[in-house]
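Student: I have the model open here and would like to go through it with you. Could we begin with how strands get paired up?

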Amino acid sequence: MDGNLLIANLSDRQFKSGPQGMTMKDGVSCVSWSARGKQLVAGLGNGTCYQMTPEGEGKAEIPTPPDMEGNQHVSALMWLENDVFLVGHTTSTQDEGMIPATTFRLVSRQTSPKISYTYQKLPDPVAPFGVNRSPPYQFVQRLRNFPPNLSDLLVIASTVSPEVGLLTRAETALASDVDEARITNVFTTTIMANDTRRAQLPMTENDSETSPIGMALDLSATEKVPRPLPNEEMDESSGPLPALLILNNEGAGEQKRIPFC
C-alpha cells in the first residue's frame with residue numbers, strides 16, 4: 001500500500017476530489033469514521049492522527065503521545081466520541097524474528113481553555129504471540145448499548161495473534177475482585193473468567209495458528225439463540241444475539257455469537 005487516502009462516492013461511482021486532488025491525505029496507515037459518518041480520522045505513519053471531512057478539509061491533528069519512543073505508526077484506530085479516540089501505536093522498525101509490540105491508548109481531547117490531549121495506556125487485549133505477519137495491524141469492531149449493562153464493547157483482532165480481545169465500558173462492575181469504581185463507566189481490558197469461551201481463530205488442517213484478514217459484526221439476527229452458554233442453566237438468550245465474523249489467511253471463516261447475560 002502507498003498510504004494514499006482516497007474516498008469514493010458509491011452513488012456516482014467516482015472518487016471524490018479534495019484540495020490536493022483525489023488523494024485526500026498521504027502517509028495513511030488506518031482510518032476510522034465518526035459515529036455519524038460526517039468526518040473521519042486518519043492514523044498516519046508518523047504516529048499522529050488527522051481529523052478531516054470527506055472533502056479533505058483538515059479539522060484537527062492529534063499529536064503523538066509524549067512518552068512514545070522511536071519510529072511508530074498508527075496500527076489501530078477507533079473514533080469513540082467527539083473528543084475520545086482509541087489509538088494503537090506499533091513500532092515501525094522490525095527486528096528479525098521479533099514481532100513488534102503495540103501500545104493501546106485512550107486519547108481524550110480537552111477544548112477549554114485551550115486544546116490539549118491526555119493519553120491513557122491500556123493493557124494490550126491481543127498480545128503478539130501468533131503468526132508473524134508484521135507489521136501488525138488490528139481490526140476493531142464496536143457494539144454500543146448492549147443490554148443489560150454494557151455501554152461499549154470493542155472487539156479487537158490482530159494479524160499477529162490467534163485470539164480475539166475485548167475492551168469494555170460497563171455501567172456495573174464485570175468483576176467482583178476489583179474495586180468497582182476502577183472498572184465502572186471506564187474502558188477496561190476484559191478477559192473471560194472461563195478462558196475456553198474466549199474467541200479464537202480456526203486452526204489449519206495441520207493444527208497451526210492462523211491470522212485474521214478481516215472482521216465484522218452481523219446485527220441482522222431476529223431470533224433468540226437456544227442455549228447460548230454451554231453448561232449453563234439457560235434455555236435460550238433473552239433476545240437476538242450479534243455475531244462476530246472473522247476471515248483468516250487460510251480463507252476459512254468463523255462465526256461466534258456474542259452472549260451477555
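Tutor: Two strands count as a pair if DSSP finds at least two bridges between them. Bear in mind as we go that this is a predicted model.

Student: Okay, so what is the order of the strands in the open sheet of three?

Tutor: The order is E15-E18-E19, and the pairing is antiparallel. E15 and E19 (253–257) stand at the edges with a single partner strand each, so one side of each has no neighbour in the sheet. Neighbouring strands of this sheet are turned against each other by 20° on average, if direction is ignored.

Student: How many bridges join E18 to E19?

Tutor: Five bridges join these two antiparallel strands, and isoleucine 246 stands opposite glutamate 254 of E19.

Student: Switching to the inside: which residues touch the most other members of the largest nonpolar core?

Tutor: That core has 17 residues, and those touching the most other members are Leu153, Val155, Val164, Met215 and Leu244. Strands E11 (138–146), E12 (150–158), E13 (164–170), E15 (212–218) and E18 (243–248) each give two or more residues to this core, with the largest share, four residues, coming from E12.

Student: And what does leucine 244 touch?

Tutor: Setting aside residues up to four places away in sequence, leucine 244 touches several residues, including Val155, Val164, Met215 and Ile258.

Student: New topic: how many salt bridges does the structure hold?

Tutor: The structure holds 10 salt bridges. In one of them, lysine 16 meets glutamate 55, with the closest N and O atoms 2.9 Å apart. This pair links distant parts of the chain, 39 residues apart, since lysine 16 lies in the loop between E2 and E3 while glutamate 55 lies in the loop between E5 (49–52) and E6 (58–62).

Student: What else is in contact with Glu55?

Tutor: Proline 19 is in contact with Glu55 and also with Gly56, leaving aside the neighbours of proline 19 within four places in sequence. Proline 19 is in the loop between E2 (14–15) and E3 (28–33), and because its relative accessibility is 70%, over the 50% cut-off, proline 19 counts as exposed.

Technical notes. Residues numbered from 1 in each chain as written. Predicted model: local features only at pLDDT ≥ 70, side-chain atom pairs only at ≥ 80, totals over all residues. Heavy atoms only, no water. Core = buried A, V, L, I, M, F, W, Y, C linked by side-chain atoms within 4.5 Å. Buried < 20%, exposed > 50% of the residue type's maximum accessible area, 1.4 Å probe, protein only. Contact = heavy atoms within 4.5 Å. Axes fitted to C-alpha atoms, helices over the stretch in contact; angles between N-to-C directions. Salt bridge = Lys/Arg side-chain N within 4 Å of Asp/Glu carboxyl O.
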